[in-house]
Amino acid sequence: MELRPNHTIYINNLNEKVKKEELKKSLYAIFSQFGQIMDIVALKTLKMRGQAFVIFKDINSATQALRSMQGFPFYDKPMRIAYSKTDSDTIAKMKGTYVERKKKERQEKVPKKPAPRPQAPAPAQIPPPQQQRMQQQPPPIMQQQMAPGGPTPGMGQPPQQMMPGMAQPSQPQPQAEQPPNNILFLTNLPEETTEMMLSMLFNQFPGFKEVRLVPGRHDIAFVEFDNEMQSGAARDALQGFKITPTHAMKISFAKK
């Protein structure tokens, strides 16, 4: 029986050899193109291996993700995707329908440890008269700034203007846009970026050939296509794509 649309999609037939954190980051990378993701649940327990839940803020995003990514080869295995049978806790709280689950009976029988007795606060120390006078007086440099004559020369004043004939500091020149070609240059990538994550993003576009990471640099990469039209289409579609919530990918044509 077909399940009704839900904010949460259930994914199985996932590669069980992939580590939990890498799996969640890779799932975010390929599914965030469909809409805002509220949470991703992936457990490594014996019962939940090879499975995950992706929770979208909008049902339409979940529907589009299910239709577009059904059978997508993810770590060499085709994903099987369906709607979740029930709302996740995240969505239930958003709808106001969340009901806290009852704790297991065996957890309730565990005796609670007695709370430690509060210790009496230490008596406040009263500074001697000499120390009180020093605390009430501002530092000498503050006294100079507060004096009627104004602030001390050099304190809080704008820097002097450059004299005529002196060399002006060089301004950084903006990087020139490279002419279209079949190789894209990616920047502002997060540290956890892998070749597999980028391949999953770009192999949905025709003409994709390969991803090349730069040894010793986690923030840049190159992606090669068959021709410049195909690389341009991928560049336009994924410009500003957020691999993580704090890293928007920047894409330009590579220098040849």
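User: Which residues does N6 touch, leaving out those up to four places away in sequence?

Analyst: This is a predicted model. In it, N6 touches I59, A62, Y83, S84, K85, T86 and D87. N6 itself lies in the segment before strand 1.

User: Why is N6 called buried?

Analyst: Buried means under 20% relative accessible area. N6 has 1% relative accessibility, so N6 counts as buried.

User: What makes the pair of N6 and T86 a polar contact?

Analyst: The cut-off for a pair of N or O atoms is 3.5 Å. A polar atom of the N6 side chain lies 3.4 Å from the backbone oxygen of T86. The distance is within the cut-off, so the pair qualifies.

User: Turn to the sheet. What is the strand order, and how are the strands paired?

Analyst: The order is 2-3-1-6, in an open sheet of four strands with antiparallel pairing.

User: Why are strand 2 and strand 6 called edge strands?

Analyst: Strand 2 (37–41) and strand 6 (80–83) each have a single partner strand, so one side of each has no neighbour in the sheet. From one strand to the next, the twist averages 20°.

User: How do you know that strand 1 and strand 6 pair?

Analyst: Pairing needs at least two bridges. Strand 1 and strand 6 are joined by four bridges, so they pair. They run antiparallel. N12 stands opposite R80 in strand 6.

User: Which helices pack on these strands?

Analyst: Helix 1 (residues 20–31) packs on the sheet and touches strand 1, strand 2, strand 3 and strand 6. Its direction makes about 145° with that of strand 2. Helix 2 (residues 59–69) lies across strand 1, strand 3 and strand 6. Helix 2 runs at about 155° to strand 6.

User: Now the rings. Why is the pair of F31 and F34 called tilted?

Analyst: The ring centres are 6.4 Å apart, with 50° between the planes. Pairing asks for centres within 6.5 Å, and stacked needs under 30 degrees, edge-to-face over 60. F31 is buried, at 0% relative accessibility. F34 is buried too, at 11%.

User: What makes F74 and Y75 edge-to-face?

Analyst: Their planes stand at 80°, and the centres are 4.9 Å apart. Edge-to-face needs over 60 degrees, so the label holds. F74 has 1% relative accessibility and counts as buried. Y75, at 8%, is buried as well.

User: How many aromatic pairs does the structure hold, and which residues do ring pairs link into a cluster?

Analyst: There are six aromatic pairs. Ring pairs link F202, F208 and F225 into a cluster.

User: Last, helix 8. How do you know that the buried residues share a side?

Analyst: In helix 8 (residues 228–238), the buried residues are S231, G232, A234, R235 and L238. They cover an arc of only 165° around the axis, so they lie on the same side of helix 8. The face turned away from them carries the exposed M229, D236 and A237.

User: What covers the buried residues of helix 8?

Analyst: The cover includes strand 7, helix 7, strand 9 and strand 12.

User: Why is N227 called a cap of helix 8?

Analyst: A side-chain oxygen of N227 lies 3.1 Å from the backbone nitrogen of M229. The limit for a polar contact is 3.5 Å, so the distance qualifies. N227 caps the N-terminal end. Helix 8 is followed by G240, with a positive phi near 80°.

Definitions and conventions. Residues are numbered from 1 along each chain as its sequence is written. This is a predicted model: local features need pLDDT of at least 70, side-chain atom pairs count only at pLDDT 80 or more; totals for chains, interfaces and linings use all residues. Side-chain values use heavy atoms; hydrogens and water are left out. Buried means under 20% relative accessible area, exposed over 50%, partly exposed in between (1.4 Å probe, protein chains only). Helices (H or I, at least four residues) and strands (E, at least two) are DSSP runs, numbered from the N terminus. The arc is that of the directions from the helix axis to the C-beta atoms. Contact means heavy atoms within 4.5 Å. A polar contact is a pair of N or O atoms within 3.5 Å; within protein, one must be able to donate a hydrogen and the other to accept it, and residues adjacent in sequence count only if both atoms are side-chain atoms. Axes are lines fitted to C-alpha atoms, for helices over the stretch in contact, and angles run from 0 to 180 degrees between N-to-C directions.
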